[in-house]
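Here is a friendly briefing to read beside the model. Have the sequence and the 3D view open as you go.

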Amino acid sequence: MKILIVGGTGKTGQHLITQGLEAGHYITVLARNPVKLKIEHHNLKVVQGNILQIKDIENAVRGQDAVLSALGHKRFLIPTTILSKGTANLINTMEEQHVKRLVCITSLGINDSRFKLGLYYTLFVVPVILFFYFRDKAKQERLIMNSALDWTIVRPAQLTNGKKREKYKHGYNLGSFIRTKMISRSDVAHFMLQQLTDKHYLHKAVGIHY
């Protein structure tokens, strides 16, 4: 497949790129700073651009079969709309260009999975550190859910840099009110790539953790 990856310079995004290339896909990455991406491959195309600029997205989306979004940032302590505005731009462009399949990573603890990241996140990390970030992620999810796309939202537990196991739990009502569950970025990427051809979670938000 021809796949556009948004957020490809991040830790999860780089796993999406390497695993996607290993699976034989043709990968395009939209990157604000392409120099951050050290991966080289004959089936990899890196397009410099900003998710907040419509023309950049139009050029990147054109001709793709699907889009994987690992969009994120580290501006946790100030109000931002990067995730929601960037995703709105992406959705509008995909709908205009008839690119239907979108798989997007958000997080447990968002919308109807609220409180499912365990007490530490629920009582401290989310309200104190990630309040604005999670608020924008919640808006991002609602935009996706209200779109005309064939979407799947992937909600991982706390992300780690562990190895790919290819053995993890996925489904609805996952997570814990008490304990913080874990999942490696590599396994999240593995699951997201599987969703390109697996329609079980079409128009669903699915949790994932060990």
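The notes below cover the pocket and a salt bridge.

This is a predicted model, in which local features need pLDDT of at least 70, side-chain atom pairs count only at pLDDT 80 or more, and totals for chains, interfaces and linings use all residues. Residues are numbered from 1 along each chain as its sequence is written, and side-chain values use heavy atoms, with hydrogens and water left out.

**Pocket**
- The largest pocket holds about 1,400 Å³ of space (on a 1 Å grid over the protein atoms alone, a pocket is an open set of points where a 1.4 Å probe fits, with protein on both sides within 12 Å along at least five of seven lines; lining residues have an atom within 4 Å of a point; the volume is the space filled by probe spheres set on the points, joined across faces, edges and corners).
- Of its 42 lining residues, Leu-71, Gly-72, His-73, Lys-74 and Tyr-133 are the closest to the centre.
- Helix α1 gives the most to this lining, with four residues (helices are DSSP runs of H or I, at least four residues, and strands are runs of E, at least two, numbered from the N terminus).

**Salt bridges**
- The count comes to three salt bridges (a side-chain nitrogen of Lys or Arg within 4 Å of a carboxyl oxygen of Asp or Glu).
- Arg-155 and Asp-112 form a salt bridge at 2.6 Å, N to O.
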